[in-house]
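Let's go through this one together, asking at each step how we know what we say. Have a look at the structure first.

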Amino acid sequence: MSVTADLRNGAKAILDTVPAIVQTYSARPGSIGSTPAAWVDQVRVDLTHDAGTRQWSAEADVLVVCGGFDNEEQQANADTILDAVVDAFSDAPHMAGANTVSEPVRVRSTTVDNGNGIVYAAWIVTIGRFVFAEGR
């Protein structure tokens, strides 16, 4: 597999460990069925290399969608799910392999269309400081 695939698959595996999330995807789904749902979205990679080594530095965005909400109770539930996702990634710094390190570095809010014209509140958790070095 490639480094980017390892990063994407590792992040998906971490999402699978969060009990509150009912659907997880390794890439953005065509539509969102049941919520809470989460997926690995954009992956950004920087490369540094010389004649003998290559170092990958990356960030991956994980989208967390808890469904529509319009009151404080549902917002509190969504915040709890978001905390569980951040905790899961914090507890797994080697998610893409023993020779890698990554950690959650940023959380921000957004909205996502469920594929059927309904807009849900969502959060983007950026997993960053991912570093992988290899010989060439």
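Q: Which residue in β5 is the bridge partner of Asp113?
A: That's Val119. Keep in mind that this is a predicted model.

Q: What makes β4 and β5 a pair?
A: Two strands pair if there are at least two bridges between them. β4 and β5 have eleven, in the antiparallel sense, so they count as a pair. Their hairpin has five residues between the strands, and Gly115 takes a positive phi near 95° there.

Q: What makes β3 and β5 a pair?
A: Again, at least two bridges are needed. β3 and β5 have 13, in the antiparallel sense, so they pair. In this pairing Val62 stands opposite Val125 in β5.

Q: How do you know that the span of α1 agrees with its 13 residues?
A: At 1.5 Å a residue, α1 should span 18 Å, and its end C-alpha atoms are 18 Å apart, so the two agree.

Q: Which residues of α1 are buried, and why do we say they line one face?
A: They are Val3, Leu7, Gly10, Ala11, Ile14 and Leu15. Seen down the axis of α1, they fall within an arc of 145°, so they line one face. They pack against several elements, including β1 and α2.

Q: Why are the buried residues of α2 said to be on the same side?
A: Ala78, Ile81, Leu82, Val85, Ala88 and Phe89 are buried in α2. They cover an arc of only 120° around the axis, which puts them on the same side. On the other side, Glu72, Glu73 and Thr80 are exposed.

How values were computed
Residues numbered from 1 in each chain as written. Predicted model: local features only at pLDDT ≥ 70, side-chain atom pairs only at ≥ 80, totals over all residues. Heavy atoms only, no water. Helix = DSSP H or I, 4+ residues; strand = E, 2+ residues; numbered from the N terminus. Expected span 1.5 Å × (residues − 1). Buried < 20%, exposed > 50% of the residue type's maximum accessible area, 1.4 Å probe, protein only. Arc of directions from axis to C-beta. Contact = heavy atoms within 4.5 Å.
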